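Biologist: I am new to this structure, and I would like to learn how its features are read. Could you take me through them step by step?

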Amino acid sequence: MSLAGGRISFAVRPRVAAVYGGLIAATAVVFAVSLAVGEYSIPLPRVLWALAGQGERLDLFFVRDVRLPRAWVAVLVGAALGIAGGVFQSISRNPLGSPDIIGFTGGASTGAVATILVFGGSMLQVSLGAMAGGIATAVLVYLLAFKQGVQGYRLVLVGIGINALLMAVRDYLITRAELTEALTAHIWMIGSLNGRGWGEVIAVSIAAAVLMPLVLALGPRLRMMEMGEQAALALGVPVQRTQITAMLAASALTGAAIAVSGPIAFIALAAPQLVRRLARTQGTALFGAALMGALLLAAADLAAQHALAPTQLPVGVVTAVIGGTYLVWVLYREWRTGHA
């Protein structure tokens with residue numbers, strides 16, 4: 001497809017476009033259902049009226065003040081985790097190279113827990129603490145893994161080791177805290193969207209608006225780097241600068257998401273792989289990973305709210321169950337095909 005009289009051109013793959021369109025449509029359906037269902041059910045036409053500021057007072061309260069911000073947080077956090085997972089898997093060239101596995105989620109959660117327990121920080125301070133923890137972990141892992149460049153397996157191994165150390169620090173902080181503070185931190189670490197409001201929506205929206213365009217702009221360079229550092233250098237890609245910029249941006253994005261929701265497992269790990277399998281793309285599809293992450297977390301949160309109604313589960317519990325099932329399926333598939 002060409003634009004501006006042929007001066008701008010790009011390729012459109014029908015399968016990729018169909019998959020992305022399907023993900024957007026599925027997310028919209030889940031989003032609409034999450035606004036309509038609950039102990040106080042609201043028919044979809046009344047949901048639309050409430051979104052327009054019309055209708056009954058209870059409809060306005062439940063749709064605009066209770067359910068809408070939570071639904072937006074699920075979509076935005078899922079998109080942030082999905083695109084961050086795509087960045088780390090692209091840099092490491094390893095499907096296990098997600099923030100969950102290689103320590104960046106651990107760094108962000110340790111920074112947030114330290115802010116909660118040591119400084120008694122506000123929501124803004126917890127967000128900054130999580131972002132600082134994620135960025136500091138990214139820098140540390142990169143420096144320790146660097147040896148004439150960063151190899152994927154070395155990045156994963158160093159990240160796993162750093163993650164173990166961070167978990168120990170986090171657990172130590174919890175054991176030294178007062179009971180009420182430790183309980184608050186423990187609940188936060190499970191990962192939950194219960195009670196999220198417009199303040200959290202604004203916080204994660206700002207981070208996404210600043211960092212996602214930067215990450216997406218680095219996408220073509222990251223795809224070339226997946227062919228190997230030497231090939232990327234030959235094509236004019238500044239490999240080290242791209243690695244550092246992408247890791248810092250993705251780490252900050254992970255920290256901002258975790259500060260709002262807690263450390264939610266599975267999304268960053270599975271979203272890039274699932275969209276890659278569906279779209280049958282060769283390289284990491286960052287935009288597709290964001291769409292898949294948004295759908296996965298929105299659907300998981302819907303299940304967390306209503307699977308055991310009236311009891312609401314933390315969404316981290318649901319994603320952990322789905323993630324464990326996904327990993328078992330991947331291992332079984334690799335065993336069946338003779339790759340494991």
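This is a predicted model: local features need pLDDT of at least 70, side-chain atom pairs count only at pLDDT 80 or more; totals for chains, interfaces and linings use all residues.

Biologist: How many salt bridges does a search of the whole structure find?

Modeller: A salt bridge is a side-chain nitrogen of Lys or Arg within 4 Å of a carboxyl oxygen of Asp or Glu, and the search of the whole structure finds two. In one of them, Asp-59 pairs with Arg-46, with the closest N and O atoms 2.9 Å apart. Helices are DSSP runs of H or I with at least four residues, numbered from the N terminus; because Asp-59 lies in helix 3 (residues 57-92) and Arg-46 in helix 2 (residues 44-51), the pair ties together parts that are 13 residues apart in sequence.

Biologist: Which side chain meets Arg-70 in a salt bridge?

Modeller: That is Asp-301, at 2.8 Å from N to O. The pair links distant parts of the chain, with Asp-301 in helix 13 (residues 286-306) and Arg-70 in helix 3, 231 residues apart.

Biologist: Is Asp-59 buried or exposed?

Modeller: Buried means under 20% relative accessible area, exposed over 50%, and partly exposed in between, using a 1.4 Å probe and protein chains only. Asp-59, at 2% relative accessibility, counts as buried, whereas Arg-46, at 30%, counts as partly exposed. Asp-301 and Arg-70 are both buried.

Methods. Residues are numbered from 1 along each chain as its sequence is written. Side-chain values use heavy atoms; hydrogens and water are left out. Helices (H or I, at least four residues) and strands (E, at least two) are DSSP runs, numbered from the N terminus.
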